[in-house]
Amino acid sequence: MSAEKPGKPTIIDVAEKAGVSRATASRAISNYGRINAETQEHVRRVAAELGYRPNELARAMRRGKTKTIGLVIIADFTNAFFDRATKGVVDAAKELGYQVLIANTDEDIAAERNAVTTLIEKQVDGLIVVPSNSVVHDHLSAESLEGKPVVLIDRRLEGVRLTSVTTDDFSGAQAAVRHAVSLGHRRMGFLIAAAGIEGLTNERPPMLLSSVDDRVNGFANAYVDAPKPGKAATWIYCQDLPSVTERAVMSMLDQPKPPTIIFTSNNDMALAVLKVVGNRQLQLGRDISLVTFDDSQWLEAMSPGITVVSRPVEELSKIAVSKLIAEINEPGQPKEKFSLPTELIARGSVANLILRPEADPAA
C-alpha cells in the first residue's frame, strides 16, 4: 500500500491522478487554452476529490497583478475617522475586485517605513498611505516604491508628486469658530493633538501634519476675526495620550477666567474633555461647550449631542481607491490633489451665551 503524500495536493498530484500532463491539468483548472470539455470535467473532478486549491497569489504574480492593495494607516482604530476610512477603503476595494492588506504605524515614521517595505515585498499592486510625518518621506520616492503607485489620504506631503485625497479642514475649523462666535463665545480654548511632541506646550510646534496645520490655521483665522471685547484664547498642543490630554483640559478649566468653549482637533481630545467635565460634575452645553472634528454615532448619541465638523469619509475612501486602481491599470495617470468639503453639524454641546449669558461662569 502506497503512503499518501504529505501536505496540500499540488497541480502535479492532480495531473498524475487524472492521467494528463501538468500543462493540461493547469489549463483545465484555470479555464484557458484549447482543451476537450470531457477532459476538463475529468480533471476538475479529480482536483475536487483531492481537495486541490489553486495558488491564487502565484497565478496573479504570473499575470503581473495580485489584486491586492496595501493600506498604511495609524493604529488607533477607535479614532472615528480612521475606523471609518479603513472600512471605506476595504469596501471600495472589494467592489472593484481587490483585497486590502492593512499595516499600522502608530504615527511612527520608522513603523511607516517598515510597513511600506513589507507590503511591497508582499507584492501588493499599490499603496494607500496616511503619512505619519510631514517632512520625512524618502521611502515614498519612485525608487523606494519600486514603481508601485501610491495615493495619500487625509494628509498632504509637500514636495512629493503623489495623488492625495484630503478634506478642507481649514474651512471646517473656521466654520466651527464662527458658529461659536455667533452664539456669544469670546473666550476660547484650542486643544490640539500634535504628533512627535512629549507632554504639552502652549507654543505651536514647528512641524505639524497637514490636516492638523489646516485646522489650527482655520481656528486662528476665525478667532482673529471675532469681535474684540472679552476675547481671549488658550492654545495647548499636546501628546495624544489620555493622561496628557486630561491634564491639558484641567489646566484650561483652572484658569481664573476659563474658556467658555473648547475646540478639539480630534475625537481623542474630545473624549478627554468629556472625562474631565464628567469628573468635575459640570454640564456640557451649559458650564462648558465643546466642538470637535469627525462625526460618529457616539457623538450624536451623547446628551447633549456634540457639535462636530463632519468629513465625508466614505467619499474620500472611494476616491482614493478608484484613483489608485486607475494608476495600477494604466500607469502614468496625472497626479491630483482632491480637497473635499466639510460640514458643521450643530448640536447641543455649544451653549447660546446670547440667550443665556448666565451660562458664562465668569459673567
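Reader: What makes the lining of the second largest pocket nonpolar, polar or charged, class by class?

Author: The residue type decides: Ala, Val, Leu, Ile, Met, Phe, Trp, Tyr, Cys and Pro are nonpolar, Asp, Glu, Lys and Arg are charged, and the others, with Gly among them, are polar. Sorted that way, the lining has 13 nonpolar, five polar and nine charged residues. Bear in mind that this is a predicted model, where local features need pLDDT of at least 70 and side-chain atom pairs count only at pLDDT 80 or more, while totals for chains, interfaces and linings use all residues. Residues are numbered from 1 along each chain as its sequence is written, and side-chain values use heavy atoms, with hydrogens and water left out.

Reader: How do you know which residues line the second largest pocket?

Author: From a 1 Å grid over the protein atoms alone: a pocket is an open set of points where a 1.4 Å probe fits, with protein on both sides within 12 Å along at least five of seven lines, and a lining residue has an atom within 4 Å of a point. By that test 27 residues qualify, and Lys 148, Pro 149, Val 150, Glu 327 and Lys 335 lie nearest the centre. Helix H13 (313-329) supplies the largest share, four residues; helices (H or I) are DSSP runs of at least four residues, strands (E) of at least two, numbered from the N terminus.

Reader: And what volume does the second largest pocket have?

Author: About 440 Å³, against about 500 Å³ for the largest pocket. A volume here is the space filled by probe spheres set on the grid points, which are joined across faces, edges and corners. The largest pocket has 28 lining residues, and H9 gives the most to them, with three.

Reader: Switching to rings: why is the pair of Phe 190 and Trp 235 called stacked?

Author: Rings of Phe, Tyr and Trp (its six-membered ring) pair if their centres lie within 6.5 Å; planes under 30 degrees apart are stacked, over 60 edge-to-face, the rest tilted. The count by this rule is eight aromatic pairs. Phe 190 and Trp 235 come out at 4.1 Å centre to centre with 15° between the planes, so they pass as stacked. They join strand E6 (residues 187-193) to strand E8 (residues 232-238), 45 residues apart.

Reader: What makes Phe 190 and Trp 235 buried or exposed?

Author: Buried is under 20% relative accessible area, exposed over 50%, and partly exposed in between (1.4 Å probe, protein chains only). Phe 190 has 0%, so it's buried, and Trp 235, at 18%, is buried too. Phe 190 also stacks on Phe 263, at 5.2 Å and 15°. Phe 263 sits in strand E9 (residues 261-264), so this pair ties together parts 73 residues apart.

Reader: How do you know that E6 and E9 pair?

Author: Two strands pair if DSSP finds at least two bridges between them. E6 and E9 have four, in the parallel sense, and Met 188 stands opposite Ile 261. E9 also pairs in parallel with strand E10 (residues 289-293), over three bridges.

Reader: Last one: why is Arg 215 said to lie over the face of Phe 293?

Author: The rule wants NZ of Lys or CZ of Arg within 6 Å of the ring centre and within 35 degrees of the ring normal. Arg 215 is 4.3 Å from the centre of the Phe 293 ring. The charged end of Lys 231 likewise sits over Tyr 223, at 4.9 Å.
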